[in-house]
Amino acid sequence: MSAMTVPETASGGPGNPSLNHDDAYARAERMVRASIEATHRVFLANYSDAVISALPPDDHDASQHAKVASKVADEWAHVMELPAAVAKQSAKAAVPSSKDSVAVDSGNVGPIDAVIDKVATQQQQALASGAAGGTSAGIVALRSSLPQFDAGANASGQESATALVRIKEVRKIPKPEWHAPWKLMRVISGHLGWVRSIAVDVGNEWFATGAGDRVVKIWDLATGTLKLSLTGHISTVRGLAVSSRHPYLFTCGEDKMVKCWDLEYNKVIRHYHGHLSGVYCMSLHPTLDVLVTGGRDATGRVWDVRTKNQIFALTGHQGTIADVRTQEADPQVITASSDATIKLWDLAAGKATTTLTNHKKSVRALAINPTEHTFASASTDNIKQWKFPRGDFIQNLSGHNSIVNTLSINQDNVMFSGGDNGSMYFWDYRTGYNFQTAEAAPQPGSLESEAGIFCSAFDQTGARLITGEADKTIKIWKEDERAVSVKGKESSLMIPNLVERLQKLIL
């Protein structure tokens, strides 16, 4: 029978439980000390000139100094030293004159150390007196202890360090300019289809309209009587342009045709072939013999008016080009498309310089401000204003909750927007304030669903607005001459009625 082994109980034996406990305690103590030393080495750089290892355990002032120094280093390290250029300017500033300013000694103690010492002392005083919120008090003291420079330094021509603080100015909302309300002046009937395009003569004597009945009609602007009808298109006439340099009228339509009419003979003298689908918009360059057209083939085409040759094909849009505008200054061509983008084109190179993607829906209308180097675009989501030449965004004009088909701007900064449901909005262009809302009443005998506005144009004076609508009529609007501004507020006062009331009061 084998002997049974009994655990040793003597001192130093493996079975002594007190010895195992002491070894574990010793190992844990060594690990804690190693962790403390590692932590000390990691954060030693944050303690500025204070050496924690040399501090006695009861030295509360030095301990507080180390605590504040660590916080300052952690939170203010990136701004404790000024850039070289700013430090050079600050060196020229006046000597601190406030009694709370920090005295900067040329010895070993730096300005930050002086601030830390002062904060530590104030925190100890606050804690000793039982004041609550010692940390917040220290922060306030730290801010109040920063050097204060004499404001009189500016008077002597020196730059003050306080100029480094940038005060955010309150945004001032501009006051909208007062505009008289617009009222319906005349309704012209004559077309047998939707009126899709309008162009006004440069001499302000007549205007032309194109409609779904494939006819171009010319009307007298003063009386509204029909002067001429031009036939030749085999589909809806979607675009019109009157030349300011020649007696020419340009038309385009859904039949892919672009025509040039000589108004002295009332005949077509040129055709411009190249579009692969319907042509929806056109614009004549104000100073060059250049015509720009756009349509369903997602391509803007630049034509030489005299030779009928295509100069450029402006490609890049992914959808129908709904509107195009030209101007004398760069960018000379602007296009809007159903792909929700607007492109600004370099006419010399035939390439897009900027693509604006701010709209979320199809962009159907553009309008250039005649008095500013800005333009507006209209979509279902918003009407947006942009600044040339880079297309910088200015502001949104919200509120016209409809499919906006047309935009027009006159010289008085009145912008008109017409919707697919017959809604009419008049805006103060500068501030984006909607000062009038109206509904286009459909012509008697037409359906209510035919209350839609497809095109618009101001005359050359900006005093008349011409709209082409879905009820096959042309409406002319003018400002209400009886409206007056009372103390800066819009008001439409009936002057004759007011005079009659005053007479009755006097009698």
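Strand β20 (residues 383–387) pairs with strand β21 (residues 392–397) in the antiparallel sense, over five bridges. The model is a predicted one. Within this pair, W386 stands opposite F393 in β21.

A salt bridge involves the side chains of R390 and D392, at 3.4 Å from N to O. R390 counts as exposed because its relative accessibility is 60%, a value over the 50% limit. D392, at 32% relative accessibility, counts as partly exposed.

**An open sheet**

Four strands form an open sheet in the order β22-β23-β24-β25, with antiparallel pairing. The edges are taken by β22 (404–409) and β25 (433–439); each has a single partner strand, so one side of each is left without a neighbour in the sheet. From one strand to the next, the twist averages 20°. The antiparallel pairing of β22 with β23 (residues 414–419) runs over five bridges. T406 has G418 in β23 as its bridge partner.

**Salt bridges**

The structure holds 14 salt bridges. One of them joins K183 to E481, with the closest N and O atoms 3.6 Å apart. This pair links distant parts of the chain, 298 residues apart: K183 belongs to strand β1 (residues 182–189), whereas E481 is in the loop between β28 (473–479) and β29 (484–486). K183 counts as partly exposed because its relative accessibility is 23%, while E481, at 53%, counts as exposed. E481 also meets K478 in a salt bridge of 4.0 Å, N to O. Through salt bridges that share partners, K183, K478, D480, E481 and R482 are joined into one network.

| Pair | Contact | Distance |
|---|---|---|
| K183 and E481 | salt bridge | 3.6 Å |
| D392 and R390 | salt bridge | 3.4 Å |
| K478 and E481 | salt bridge | 4.0 Å |
| H317 and T335 | polar contact | 2.8 Å |
| H317 and D339 | polar contact | 3.4 Å |

**Two loop residues**

H317 is found in the loop between β13 (310–314) and β14 (321–326). At 5% relative accessibility, H317 counts as buried. Its side chain makes polar contacts with those of T335 and D339.

V79 lies in the loop between α2 (60–76) and α3 (84–91). With 43% relative accessibility, V79 counts as partly exposed. Together with W76 and M80, V79 forms a nonpolar surface patch of about 250 Å² accessible area.

Notes: Residues are numbered from 1 along each chain as its sequence is written. This is a predicted model: local features need pLDDT of at least 70, side-chain atom pairs count only at pLDDT 80 or more; totals for chains, interfaces and linings use all residues. Side-chain values use heavy atoms; hydrogens and water are left out. Patches are made of residues with over 30% relative accessible area and no salt bridge: like charges are joined within 9 Å, nonpolar side chains (Val, Leu, Ile, Met, Phe, Trp, Tyr) within 5 Å. Accessible areas come from the Shrake-Rupley method with a 1.4 Å probe; for residues, only the protein chains shown count as cover. Buried means under 20% relative accessible area, exposed over 50%, partly exposed in between (1.4 Å probe, protein chains only). Two strands pair if DSSP finds at least two bridges between them. Axes are lines fitted to C-alpha atoms, for helices over the stretch in contact, and angles run from 0 to 180 degrees between N-to-C directions. A polar contact is a pair of N or O atoms within 3.5 Å; within protein, one must be able to donate a hydrogen and the other to accept it, and residues adjacent in sequence count only if both atoms are side-chain atoms.
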